[in-house]
Amino acid sequence: MTTSTTLRPDDLRSVRDALLDTAGTVSITGSGTAADWAGPLGPVDAVLDTTALTGVLTHNPGDMTVSVLAGTPLRTLAEELASHGQHVSFDAARVADGATVGGLVATADAGPAALVFGSLRDLVIGVTVVLADGTVSRSGGHVIKNVAGYDLAKLLHGSYGTLGVLVEVVLRLHPVPKRSATLVVDCSLDEAREHAASLLGGQYEPAALEWISDDGHGQLIVRIDGTADAVSGRLQRLREVLGSGARDASDTGPDGGPDSGADPWARHAALVRGAPGLAVLRIGAKPSLLPGLLTDLRADTVTAGLGTGVATVALAPEAVADAHALVHAAGGTSVLRTRPPGSDVPAWGPPPSALAVLKAVKNEFDPLGRFGPGRFAPWLVTPHDAEGSR
């Protein structure tokens, strides 16, 4: 058994030096909140720890952009931006656990706010990355409409640390809402689908629209953001379309009332994380197809973005392979997020039609297969993956 060397660079130059001074395979790690996502990591010669790459490099409040080192926890960045009334409009569940900006990009994570603001793929406007051979590459900048150059951010989004080391990230910001309010409706998935169609087809402008289910109990959660005065009128219109079953769950801001019970978004985050003994899949499909797909999957717990088409489902380990196949047949995507200890469940489903493109990108960025061996197995098998399997 070999012992991996741990590298802990604290700036761009030391990241480059660390890669040039080492040989063999490398695992890129941050706070560890998604260490087990995707395929199981194969043996590596070195672990590159990004947690010393922290801090704000440049904040332009007037342009509403911020540049940070990739090892910065997003919750820490939020605290620094709060005094300016700005934030990154991103609310993935593991942000509260200390997930880093780079890790959130690398895993293509997202939260309910993606309904309006998208994922980090849409919020990142510039990156600096170091490739396996020490090459430093930059893309984008502090201009939101910058489209010049090779869009590295989109390639790195969802790469699970297999293409390069993300060192610096430039993010677009948004104002913190003056008031935020949430309504909850107990309902089945079919009823939630009807409500969602009404809300998305009208002028209700929900900031988040999620259906959650646990132990057969389903709830539709609707959040709206805005000014203190505007939210009151919009809440009334929402109650009219959702019916008498809609109730206030939380209301923040100067005119908001006290929380009337447990925070439904905290429950949502808990379901995203999963439960002991169950495997968790993150799936994506056309929003119109998602409810039917979820019905076929028969998951133990569900969080479903009825406007985004993104869901997390908790399943028995033995049901994962069939779940991957169902999602693939529906034209969707799926990736394993939680692998119960001791279980051998596939991280990925059938290979995508763009597999040749994925292989070409991997070969271009990391021809020796140094980064993240095993993460995309069996789709991508590098020389190091083959060695580790023998």
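The structure is a predicted model, in which local features need pLDDT of at least 70 and side-chain atom pairs count only at pLDDT 80 or more, while totals for chains, interfaces and linings use all residues. Residues are numbered from 1 along each chain as its sequence is written, and side-chain values use heavy atoms, with hydrogens and water left out.

**Helices H10 and H11**

- The axes of helix H10 (residues 290–297) and helix H11 (residues 320–329) come within 10 Å and cross at roughly 155°; helices are DSSP runs of H or I with at least four residues, and axes are lines fitted to C-alpha atoms over the stretch in contact, with angles from 0 to 180 degrees between N-to-C directions.
- H10 is therefore roughly antiparallel to H11, a term for angles over 145 degrees.
- Leu293, Asp296 and Leu297 of H10 make the contact with Ala323, Leu326 and Val327 of H11, where contact means heavy atoms within 4.5 Å.
- Five of these contact residues are nonpolar, none is polar and one is charged; Ala, Val and Leu are among those counted as nonpolar, and Asp among the charged.

**The three-stranded sheet**

- Three strands form an open sheet in the order E1-E3-E2, with parallel pairing; strands are DSSP runs of E with at least two residues, and two strands pair if DSSP finds at least two bridges between them.
- Strand E1 (5–7) and strand E2 (26–29) stand at the edges with a single partner strand each, so one side of each has no neighbour in the sheet.
- Neighbouring strands of this sheet are turned by 25° against each other on average, direction ignored.
- E2 pairs with strand E3 (residues 46–49) in the parallel sense over four bridges, and Val26 stands opposite Ala46 in E3.

Conventions. Angles under 35 degrees count as roughly parallel, over 145 as roughly antiparallel, 65 to 115 as roughly perpendicular and the rest as oblique.
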